[in-house]
Amino acid sequence: MTVIQEKQKYAGTSTAMQEERLRELVQYVAANSPFYRELFAKHNIDAAGINTLDDLYKVPTTEKDDIQKRNNDFLCVPPGKVVEYTSTSGTLGGPVTIALTENDLVRLAHNEYNSFLCADGSEDDIYQLMLTLDRQFMAGIAYYSGIRKIGAGIIRLGPGVPALQWETIKRLKPTAIVAVPSFILKLINFAKENNIDINASSVKKAICIGENIRNTDFSLNMLGKKITEAWDIHLYSTYASTEMQTAFTECSEGAGGHCQPDLVIVEVLDENDKQVEPGTPGEVTITTLGVEGMPLLRYKTGDICMYFDEPCACGRTTLRLSPLMGRKKQMIKFKGTTLYPPALFDLLAEREEIMDFVVEVYSNDIGLDQVSLYLVPADNSEECDHRIRAYLQARLRVSPHIKYVTPEQIHKMQFNEASRKAIKFIDRR
């Protein structure tokens, strides 16, 4: 499928198609999922009565706690049909196992095939994967499978080690990288320190995973600006989760992650589980379509985003999601100020005096949120300390506890044996 064909396909995606797949899903989970059979019985839900998208409101939402407590009860196939066991990273509690069948792996490849096409990928590209393909990381096999389906070249190098990344770029000349944005900054810094002309390299675009590169108005945030000011590459943002087995990927317009309506139904809900208006923050809630092993019905991801439904300048008419504004369970109430970690990360990334950081939140003896910032300063001078504290006071209007640490100490905090990506937020509440 060409990019033009892909745009035409989604431009013509109808509500009727989604409703047909919804009916198939409801009948399927009613027959095969112990969790949903029990849920339907408890709420007197007749699966045959769920026929339209509006009927979804008859079904109660499902949350991550449900999957954590009853993980196996979501499985709709016998164990012998499972060919891949993946898991979540456990950012919001214990990890959840997501089992995939052969059909689910085919669907996953189709999902990323569409995503890379959306991000202007083609068979002429060579992608350097700067991420893990082990540790039950679904995204790793998804990217690999999607790129293979496009017919592009793949370099499976793994995360970290800037020297090896640059040596490989020089030798194999990839046209694109798939990486966490903060690691791209480390690549840039390594290049500067070692006199590597990054703009003379073969890399012209980056698929950014795991971190925001844009503000909610789609302008580049400080992390995105730092990358593009130093490196003339096009950045494509992505949003996904293991549970939904589907990605929302930006096109070249950079105006939100495009929904794949043949793979997922998206709701953005308020505190009362009602659909919010476009441009209004709400919790991303998904219903998976075409998943065989562990399908989900009205699953609340815990992620806060906005959605936009007007046609994109690229020609697609699919719903688009804003950058992640925060996670519901990670909201911080600190001295009367409401904070989400992504916004705090943006503030910390903005200052040249702060080289790296970890944010820690804990409860004090009267149950109020307290914030500690572990920072790697540019230098250990009193002047640097004063600039950092004055900046945080001005931007946050409150003063978190600050502890300065070394690059080695921050690396130990960010990466443990089980982590698949840098840990920037530690919640001890």
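The crossing of helices H8 and H9 is left-handed, a word used when the near helix is turned anticlockwise from the far one by less than a right angle, with right-handed kept for clockwise. This is a predicted model, in which local features need pLDDT of at least 70 and side-chain atom pairs count only at pLDDT 80 or more, while totals for chains, interfaces and linings use all residues. Residues are numbered from 1 along each chain as its sequence is written, and side-chain values use heavy atoms, with hydrogens and water left out.

Let me stay with the two helices. H8 covers residues 181–193 and H9 covers residues 222–230, and they pack at an angle of about 35° with their axes 10 Å apart. Here the axes are lines fitted to C-alpha atoms, for helices over the stretch in contact, and angles run from 0 to 180 degrees between N-to-C directions. Helices (H or I, at least four residues) and strands (E, at least two) are DSSP runs, numbered from the N terminus. Which residues of H8 meet H9? They are Pro-181, Ser-182, Ile-184, Leu-185, Ile-188 and Lys-192, and their partners in H9 are Leu-223, Lys-226, Ile-227 and Ala-230, where contact means heavy atoms within 4.5 Å.

Now to the sheet, which is open and has four strands in the order S10-S11-S12-S15, with antiparallel pairing; two strands pair if DSSP finds at least two bridges between them. Strands S10 (264–269) and S15 (326–327) are the edge strands, each pairing on one side only. Between S11 (residues 282–288) and S12 (residues 299–305) the antiparallel pairing runs over four bridges, and Ile-286 stands opposite Tyr-299 in S12.

Finally, the salt bridges. Side chains of opposite charge can pair when their charged atoms come close. The structure holds 20 salt bridges, each being a side-chain nitrogen of Lys or Arg within 4 Å of a carboxyl oxygen of Asp or Glu. In one of them, Asp-125 meets Lys-205 at 2.9 Å, N to O. Asp-125 lies in the loop between helix H5 (102–118) and strand S3 (126–129), and Lys-205 lies in strand S6 (residues 205–208), so the pair ties together parts 80 residues apart in sequence. Is Asp-125 buried or exposed? Asp-125 counts as buried because its relative accessibility is 8%, and Lys-205 is buried too, at 10%; buried means under 20% relative accessible area, exposed over 50%, and partly exposed in between, with a 1.4 Å probe and protein chains only.
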